[in-house]
Amino acid sequence: MDLFLQLTLAGLAIGSIYSCVALAVVMIYQATDHFNFAQGEMAMFSTYVAWTLVGLGAPVWLAFLLAVGISFLAGVIIERVIVKPVENAPVLNQIIVFIGLLVIFNAVAGWIWEFTIKPFPSLFPEDLGFKSTLIGPHHLGVIALTLGVLALVFAFFRFTRVGLAMRAAAANPDSARLVGISVGWMLALGWGLAASIGAVGGILVAPIVYLEPNMMAGVLLYGFAGALLGGVSSPGGAVLGGLVVGVLENWVGQYVPGGSELKLTFALILIVGVLVFKPAGLFGRVVVRRV
Amino acid sequence: MDRPNPITPQLLAGFGIAIVFAAVVPHLVSDFTSFQFTQAMAYGIALLGLNILTGYNGQFSIGHSAFYAVGAYTAAILLYHFEWNHYATLPVAALVAFAVGFLFGLPALRLEGLYLALATFAFAVATPQLLKFDAFEHWTGGVQGLFVPKPEPLIEGLSADQSLYYVTLAIMVLLMAVAWCLLRSRSGRAIMAIRDNPIAASTMGINTALYKTTTFGISAMYTGIAGALSVFVTEFVAPDAFNFFLAVNLLVGSVVGGIVSIPGVIFGGLFLVFVPNFAQDISRAYPFVPPPWAIFGIFLILAIYFVPFGVWGAVERALAWWKRKSAGLGG
């Protein structure tokens, strides 16, 4: 029973990281109807930035906050400079631009920081003042921090003017433009926020999987799976989906023979399964298209 | 422009010159260069599969590395464990890849554009791990992969590389012709109608489900044949050769050559073999130049900005412009 609880709690911790990535994916999807395939690599890059700052002597938390801020700026710039020219192009062209970004971030990270794996310090102290055999301090911190981030994001969209404007720009760009919202800048802001949230995910996952340029491939896949499971049109659903996927991943790894070696295949099956049997996800709305 | 060009005397003449040129090449260059050209043609066949699916049928795949792996591993396993003749493995690789593609096309039916891209992305990312899986290790060789011999020359006097070059050339020309016939036919019009307007296509009585899955299968078949040929060329398969970056490579080749084209795949294949080497030379010579993959990524984005129709699209546009101009002068 202890093992089961340990697995579940560790799954929730990993799952909350997937939630971050899923939320980042859903934010861009809501605003632009596209999955950002480069989301994982952007998060990886942010994590390297944090690692460099730590190496320069910055305290871990300061490095974390700076990296999140830098990611925000980078996200805005990427949207304005690289994604904007294909805003109205066919889906294929946009996907190709995302994949180009993915490749560039991956290669440049390997070029600057090399492909050797690096340990990354945890944001949380080893000693929390109490001991538990069920969950480690880092995992506990991850769950707490992501819940905090999610609450902030929710509050931002629910209670601020900018958040409202961003929602309007995503829901109905034309009407939003008519009431004076700069839809283009709202998109850029969305990219910035997504990049920041992704950065949180990357920095939280790095102490677990170690830092290397390919560390996010699996995480991104699980993030996608979480986003789809929860429903790509529902941010709350994406968060829950990420958590469920994290827990499922751990259960499958432990209880299904061969499961620990085939974790990515499990993500594949999950993605295809959700898309085939419940394309709108658990909490998404079904899109009906007019002919 | 979207349909493959009809046969005109000029086209036949151009094609003839290209074939004569291609037939002479291995006698002019070193065996290593022939080997590189063979690799380029193998890529070209894979790109043909991707073009049929994405360019002509409008279904996205960023997971064609998986079908490439299916073809490569089918051939390698038959060669390594059963000591089949090299060329006898090709039809089997084609069939297996077709079956896998057809089966993957079934769930893909319910997925459009982005979701299909996502599912194929997952397939590509999961493939190396599946190939390394312990339970299959006896057959796949696990992480180590499998070594297979190069096919013996078919004709005496040719080197193994030259012989393989000619075989690959013949297969590529044949498969290009098949693709051309398919896309010019009634079925081809149906395939393109589904891309342009799926609802209108099904209203016209086209069985969209059947066409889409079959196109997926055919596309996978082309890519599987290419994978099998690539094993003959490199004499080796290993799981990590079929990672997501191979899928990206194929996409880059398709876009560079022109995704809605048949002859464009030749340029795409040549690009994939020669440009990375070139980029590597440059980034080795000048340390401040980013690594080859980054250059590849930048190239991909720039290509989409400025020439989304690819090399062949540019050639077609130039020809059309020239025709208009000369017609204008004549009249």
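So, where in chain B is the place of Thr213(B)? It sits in helix 10, the stretch covering residues 208-234. Keep in mind, everyone, that this is a predicted model.

Thr213(B) has a relative accessibility of 3%, so we call it buried, the cut-off being under 20%. Its side chain reaches the backbone oxygen of Leu210(B), at 3.1 Å. And if you skip residues up to four places away in sequence, Thr213(B) touches Phe102(B), Gly105(B), Leu106(B) and Leu109(B).

Okay, on to the core. The largest nonpolar core has 195 residues, and the ones touching the most other members are Phe35(A), Phe37(A), Phe224(A), Leu228(A), Phe121(B) and Phe242(B). The largest share of this core comes from helix 4 of chain A, residues 91-113, with 15 residues.

Take Phe224(A) from that list. Leaving out neighbours within four places in sequence, Phe224(A) contacts Val25(A), Phe35(A), Asn36(A), Phe37(A) and Ile271(A), plus Leu118(B) and Phe121(B) from chain B.

As for burial, 55% of the 291 residues in chain A count as buried. The accessible surface of chain A is about 12700 Å², and carbon and sulfur atoms account for 70% of that. Finally, take the chain A contacts between residues at least 6 apart in sequence: 75% of them join residues at least 24 apart.

Terms used:
Residues are numbered from 1 along each chain as its sequence is written. Chains are lettered from A and ligands numbered from 1 in the order in which they are written. This is a predicted model: local features need pLDDT of at least 70, side-chain atom pairs count only at pLDDT 80 or more; totals for chains, interfaces and linings use all residues. Side-chain values use heavy atoms; hydrogens and water are left out. Helices (H or I, at least four residues) and strands (E, at least two) are DSSP runs, numbered from the N terminus. Buried means under 20% relative accessible area, exposed over 50%, partly exposed in between (1.4 Å probe, protein chains only). A polar contact is a pair of N or O atoms within 3.5 Å; within protein, one must be able to donate a hydrogen and the other to accept it, and residues adjacent in sequence count only if both atoms are side-chain atoms. Contact means heavy atoms within 4.5 Å. A nonpolar core is a set of buried Ala, Val, Leu, Ile, Met, Phe, Trp, Tyr and Cys residues joined through side-chain atoms within 4.5 Å. Accessible areas come from the Shrake-Rupley method with a 1.4 Å probe; for residues, only the protein chains shown count as cover.
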